[in-house]
Amino acid sequence: MGETRIELRHLLEDLRDAYPWSEEEIVVTELIANALDSRASVLAFTVDVAAQTFALADNGRGMTAKGLKGYHDIAATTKTRGRGIGFAGVGAKLALLSADHVVTETRHGAYHRATRWKLENPRRAPWSYVPPRGLVAGPNGTAVVIALKERASPLLKASFVERTVQEHFQALLIPQMNEILKIVYPQGVTISVNGRTLTPPETGELADRKPLWVRAPGIRGLAGYGFVGRVAAPLPDALAGIAVSAYGKTIKRGWEWLGISLRNPGLVTGLVEVPQLVELLNTSKSDFLKDSRNLPRYYRLRKGIQTAVEPVLKELGELAVSAAPRERGAGDLGRRFERVLDNLLPEFPELSPLLGRRLAGRPGAVAVRGEQGDAFGERVPLELGAPPADPEGPPEVTGKPEPPPDGPEDPSASAPRSRRPTMKVAFADDAGREELARLEEDTLIVNRAHPAFQRAHDTGEGDYHLALCLAWVLAGYLPPEKPSRQFIGRFLARWGDER
């Protein structure tokens with residue numbers, strides 16, 4: 001019998017609160033993520049209302065004796081970044097908060113054991129070995145059965161489980177994504193709930209469905225694949241906008257994260273899988289790391305997605321008209337912003353890639369590797385701009401590129417080590433937005449319909465308002481250890497010196 005004696009409930013509650021979703025959503029998504037990390041290709045959920053249990057069985061590698069003991073260590077919630085999307089058994093651990101008990105059965109070759117675990121009080125979570133119940137059918141795999149205290153728990157509703165899987169793992173359910181995802185999951189992935197194999201969420205008839213091939217600066221070959229489509233009726237929030245996924249896990253959805261404005265944002269949906277983004281996931285897998293070390297790579301990949309999406313949206317007639325630049329004095333204002341930023345960047349280097357500064361050094365190694373050890377980002381499946389043979393599916397990903405005659409390609413070799421940041425100013429009438437401004441590439445888009453803009457314009461303080469807008473937008477990209485107020489104050493002080 002094992003036991004952990006620390007402030008367990010508080011530890012679990014703090015962990016739960018680090019995620020932007022409900023406790024039940026976290027349990028479902030983390031159980032799936034850990035099953036996928038164990039190389040499972042079949043995941044079967046079982047919801048039994050009568051028995052008041054929720055279960056997931058997979059055919060992954062299973063756990064060894066050492067792994068099973070470590071699985072019950074609530075404090076062990078770390079993972080190796082860039083290697084999978086699971087997070088040290090968090091799904092089963094968080095389930096302890098609402099479960100009467102949790103039974104885990106695992107099989108790894110000849111090793112076949114089961115345990116019973118419960119949160120007895122805020123400080124005690126004892127577990128013990130129990131006889132296996134035959135929950136794992138194959139030679140390897142793991143099954144987790146959660147006996148719930150409350151009959152009203154969403155985990156006892158098959159429809160809730162289905163929606164959660166469809167929302168968080170949409171890429172795994174779309175056949176056209178198989179060519180990309182097979183480098184991570186070579187046998188494919190099938191997910192079922194009470195014996196019914198899940199399919200993609202219903203979006204209505206996708207008119208003008210267009211494929212996307214993502215290439216990114218500094219990455220050879222194809223960085224990602226996806227699609228964009230338009231529907232006749234407004235989509236629910238969970239499906240509107242383009243989603244980006246890594247290893248099949250949806251990370252973000254919408255349009256603002258791409259800095260793109262649409263004419264009818266609620267009528268356009270899409271998905272793009274970019275495996276290398278797995279290296280940049282934050283703990284909850286709801287966003288990407290944007291510290292000074294990871295921001296350059298994030299913006300290279302984000303730029304690749306933008307470059308792939310914008311011409312398709314333009315072809316569909318959905319790309320909003322670009323904001324008009326300031327008619328008078330815009331060039332001088334932009335140059336003044338450049339001088340201010342040039343003085344601030346040594347103190348706030350995190351903003352360098354955001355503002356277009358090229359940094360020396362090659363991109364880091366890619367995380368995704370196929371069975372032969374060849375990296376996905378190094379493959380060359382087709383020439384840039386060439387359409388695939390099948391417009392409804394991704395191009396075949398085969399082979400490894402030959403190095404150029406003069407040695408390996410270095411994206412930074414022909415570029416200067418640095419250049420001055422550039423900044424342009426443009427305007428948009430975004431009456432529906434509460435934000436003062438937003439940043440799109442190297443352009444500050446100021447919300448001309450915002451009441452603060454109107455007041456500044458009427459009182460002759462328009463330039464100061466624009467400076468405040470830029471400082472406010474950039475402050476949102478700084479890490480927590482650099483307070484926004486400090487940056488805004490220093491930016492405005494430099495701006496005052498410029499005047």
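In what order do the eight strands of the open sheet stand? The model to explore here is a predicted one.

**Whole chain.** Start with everything shown. The protein has 499 residues, and 51% of them count as buried. Its secondary structure comprises eleven helices and 17 strands.

Now select the strands of the open sheet. Their order is β5-β4-β3-β6-β2-β1-β7-β8, and the pairing is mixed. Colour residues 127-130 (β5) and 196-197 (β8): these two strands stand at the edges. Each has a single partner strand, so one side of each is left without a neighbour in the sheet. Strands of a sheet pair through backbone hydrogen bonds, which may be parallel or antiparallel in arrangement.

Select residues 42-48 (β1) and 190-193 (β7). These strands run parallel and are joined by four bridges. Look for V42, which stands opposite T190 of β7.

**A helix across the sheet.** Helix α2 lies across β1, β2 (53-58) and β6 (140-148), and runs at about 20 degrees to β2.

**Two packed helices.** Move to residues 462-475 (α10) and 484-498 (α11). The axes of α10 and α11 are 9 Å apart, and the helices pack at an angle of about 145 degrees. The crossing of α10 and α11 is right-handed. Show side chains at the contact: α10 contributes residues including Y464, L468 and W472, while those from α11 include F487, F491 and W495. The contact residues divide into 13 nonpolar, one polar and one charged.

Conventions
Residues numbered from 1 in each chain as written. Predicted model: local features only at pLDDT ≥ 70, side-chain atom pairs only at ≥ 80, totals over all residues. Heavy atoms only, no water. Pairing = 2+ DSSP bridges. Contact = heavy atoms within 4.5 Å. Axes fitted to C-alpha atoms, helices over the stretch in contact; angles between N-to-C directions. Left-handed = near helix turned anticlockwise from the far one by under 90°. Nonpolar A, V, L, I, M, F, W, Y, C, P; charged D, E, K, R; others polar. Buried < 20%, exposed > 50% of the residue type's maximum accessible area, 1.4 Å probe, protein only.
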